[in-house]
Amino acid sequence: MTQEKFIKGVDLSFVDEVETEGGVYYENGKPADVIGILHRAGVNAVRLRLWHTPTGGYTNLERTIKMAKRIKEYDMDFLLNFHYSDYWADPGKQTKPKAWESLIYDELVKAVYTYTKEVIEAFDKEDILPDMVQIGNEITNGMLWEEGKIYKEENSEKVENWDGILPLIKAALDGVEAATREENTVKTMIHIDRGGDNEGTRKFYDQITNYGLKYDVIGLSYYPWWHGPYGDFEANLVDTANRYHKEIMVVEVAYPWIVPDEIPVVDDAPDFREHLVPGFPASVDGQKAYLEKLIETVKQTPNNLGTGIYYWEPCWIPSKQEWSVGHENNWSHLTLFDYEGNKLEGLNAFKD
């Protein structure tokens with residue numbers, strides 16, 4: 001089963017905070033609804049992350065529902081990204097929600113099922129059912145640590161254990177199915193960060209396959225400074241399509257439009273300048289050309305199984321100093337809007 005249209009998506013999870021606290025976006029020098037700007041540029045899908053009980057007040061269920069309603073006003077596809085955390089979830093951290101800290105394992109599995117089902121039902125009640133649901137975020141090393149952690153250290157020895165994470169993923173998938181059984185239209189995605197790492201991709205999805213999990217889409221992240229040379233990324237798409245025969249979406253991508261005066265520190269990322277793709281400089285034109293190349297690469301995945309991309313936080317402009325996530329904006333050199341909120345040429349790479 002492949003997708004009828006190619007998804008040209010963006011993650012807009014920070015837009016609510018930007019706009020609520022005074023940020024403005026511009027098209028041709030005039031203020032405009034940012035989702036309208038994106039829609040006119042060819043964007044046809046939006047991804048929103050959901051945190052369980054975030055301390056900052058954004059990306060919770062109530063505010064994510066409000067954002068989803070705006071997306072559906074433009075008839076865009078909606079990808080709901082469950083983090084199963086109160087904060088960022090990625091390969092380096094998968095902290096379970098505070099509300100679940102005291103649960104024993106069987107209770108945790110049940111909580112994942114119930115929470116997932118109730119969240120999807122809440123969107124359905126508002127007539128904004130997601131088109132796709134992402135089970136966890138970059139769960140390469142597991143989710144809901146420590147119970148769902150894959151790679152642990154016990155008695156000073158490294159131990160690999162899949163018995164915790166697999167039932168947790170199944171519980172989430174079952175929750176989606178229970179909430180959408182009548183509609184039967186919501187796809188599910190399992191997402192890791194190994195865009196340029198074929199060995200890591202195979203290791204993870206072989207386990208998913210062997211356990212018999214039923215899902216629709218393989219989600220990969222690909223940032224050159226984290227995930228390897230572009231050629232490795234291309235080769236991984238080919239092998240992953242031929243091996244698993246599932247849709248593949250590169251659900252997190254980005255590229256710089258400028259080299260800032262101070263190079264930001266993003267987690268443990270190396271200096272992005274040393275990992276630019278040859279022929280694609282960190283400039284407005286270089287960003288657009290890279291994004292066009294990336295889209296074409298995904299479209300060329302064997303058997304038409306490359307069905308979309310999502311650009312991560314193209315609208316996270318530096319409209320204020322401190323953010324609800326507890327640190328400064330370290331992403332504004334990778335956006336598709338300049339520092340003042342003006343649309344950049346790179347956004348036009350989404351046009352047909």
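Ala, Val, Leu, Ile, Met, Phe, Trp, Tyr, Cys and Pro count as nonpolar, Asp, Glu, Lys and Arg as charged, and the others, Gly among them, as polar. The exercises below use these classes.

This is a predicted model, where local features need pLDDT of at least 70, side-chain atom pairs count only at pLDDT 80 or more, and totals for chains, interfaces and linings use all residues. Residues are numbered from 1 along each chain as its sequence is written, and side-chain values use heavy atoms, with hydrogens and water left out.

**Exercise 1. Describe the second largest cavity: its volume, its lining and its classes.**

Step 1. On a 1 Å grid over the protein atoms alone, a cavity is a set of points where a 1.4 Å probe fits but cannot get out. Lining residues have an atom within 4 Å of a point. Grid points are joined across faces, edges and corners, and a volume is the space filled by probe spheres set on the points.

Step 2. Give the volume. The second largest cavity holds about 40 Å³ of space.

Step 3. List the lining. Ser13, Phe14, Glu17, Arg49, Trp51, Tyr58, Thr59, Ser324 and Val325 line the second largest cavity.

Step 4. Sort by class. The lining has 4 nonpolar, 3 polar and 2 charged residues.

**Exercise 2. Which elements give two or more residues to the lining of the largest cavity?**

Step 1. Start with the count. There are 2 cavities of 30 Å³ or more in the structure. The largest cavity has a volume of about 60 Å³.

Step 2. Find the lining. Among its residues are Leu12, Asp16, Leu48, Arg63 and Met67.

Step 3. Name the elements. Helices (H or I, at least four residues) and strands (E, at least two) are DSSP runs, numbered from the N terminus. α1 (15-20), β4 and α3 (61-73) each give two or more residues to this lining. The largest share, 3 residues, comes from α3.

Step 4. Sort by class. The lining of the largest cavity has 4 nonpolar, 3 polar and 4 charged residues.

**Exercise 3. What lines the largest pocket?**

Step 1. A pocket is an open set with protein on both sides within 12 Å along at least five of seven lines.

Step 2. Give the volume. The largest pocket has about 760 Å³ of space.

Step 3. Look at the centre. The lining has 37 residues, and Asp90, Pro91, Glu138, Trp226 and Asp267 are the closest to the pocket's centre.

Step 4. Name the elements. β4 (45-50), α6 (198-211) and α7 (224-227) each supply at least two lining residues. α6 gives the most, with 4 residues.

Step 5. Sort by class. The lining of the largest pocket divides into 13 nonpolar, 10 polar and 14 charged residues.

**Exercise 4. How do α5 and α6 cross?**

Step 1. Recall the description. Two packed helices are described by the angle between their axes and the distance between the axes.

Step 2. The axes of α5 and α6 come within 11 Å and cross at roughly 70 degrees. Axes are lines fitted to C-alpha atoms, for helices over the stretch in contact, and angles run from 0 to 180 degrees between N-to-C directions.

Step 3. Name the angle. That makes α5 roughly perpendicular (65 to 115 degrees) to α6.

Step 4. List the contact, meaning heavy atoms within 4.5 Å. Leu166, Pro167, Ile169 and Lys170 of α5 meet Gln207, Ile208 and Tyr211 of α6. By class, this contact has 5 nonpolar, 1 polar and 1 charged residues.

Key
Angles under 35 degrees count as roughly parallel, over 145 as roughly antiparallel, 65 to 115 as roughly perpendicular and the rest as oblique.
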